[in-house]
Amino acid sequence: MNDKMNKLSQLSGYLRGLVLLATAVVIGYLGYQLGFNGELRLGSSALSEALWQDDRASHSVLLMMVLPQFVTMLLGVYWLQKLLAYYQQGLFFATEPMRCYLWLIWLKVADFFLDIGRNIAVGNYHSQFFETTEIELTIDFGNLTTLLLMLVIVYLLKAAKEIEAENKEFI
């Protein structure tokens, strides 16, 4: 492997550690907020905050509403770790990292729809306890552009893999 590939492999190793550290910090923060402050801080909205503060609403139900997105986040960390592990080994254009990357894209799509579903579920639950409920379905432009960018990158990676295969055949 040449020097640039070695640096990319090394950087992938550092990024793996950084992702694990960030995940630990997020989970620690969520656990602290829930355990010590009694607050739900994952995917909070005004409606979910109002429900969390209301004694009539079940905290278990609210936790179950955010659980799918929490699981999606953990799956994303898993597949990102796996992808960076392949990159750390110098496997940039192999089929295994491509599969990991596709999983990350599908998880991003799932998270997009889970967020909409959670907002609707929280709104419906909110309407059981309060007279007025306004459900806001916001579409984050940043999430859409990130998803589109990921699709472009997967296309570029596939094209680079094909070019690499052609170059090996030529030699």
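Trainee: What should I know before I start?
Mentor: The model is predicted, so local features need pLDDT of at least 70, side-chain atom pairs count only at pLDDT 80 or more, and totals for chains, interfaces and linings use all residues. Residues are numbered from 1 along each chain as its sequence is written, and side-chain values use heavy atoms, with hydrogens and water left out.

Trainee: How do helix 2 and helix 3 cross?
Mentor: The axes of helix 2 (residues 46–53) and helix 3 (residues 59–88) come within 9 Å and cross at roughly 150°. Axes here are lines fitted to C-alpha atoms, for helices over the stretch in contact, with angles from 0 to 180 degrees between N-to-C directions. Helices are DSSP runs of H or I, at least four residues, numbered from the N terminus.

Trainee: Parallel or antiparallel?
Mentor: Roughly antiparallel, therefore; that label is for angles over 145 degrees.

Trainee: Which residues in helix 2 and helix 3 meet?
Mentor: Ser48, Leu51 and Trp52 in helix 2 meet His59, Leu62 and Leu63 in helix 3. Contact means heavy atoms within 4.5 Å.

Trainee: What is Met65 in contact with?
Mentor: Setting aside neighbours within four places in sequence, Met65 touches Arg118, Ala121, Val122 and Tyr125.

Trainee: And what about helix 4 and helix 5?
Mentor: Helix 4 (residues 95–127) and helix 5 (residues 141–170) pack at about 165°, axes 10 Å apart. They are therefore roughly antiparallel to each other.

Definitions and conventions. Helices (H or I, at least four residues) and strands (E, at least two) are DSSP runs, numbered from the N terminus. Angles under 35 degrees count as roughly parallel, over 145 as roughly antiparallel, 65 to 115 as roughly perpendicular and the rest as oblique.
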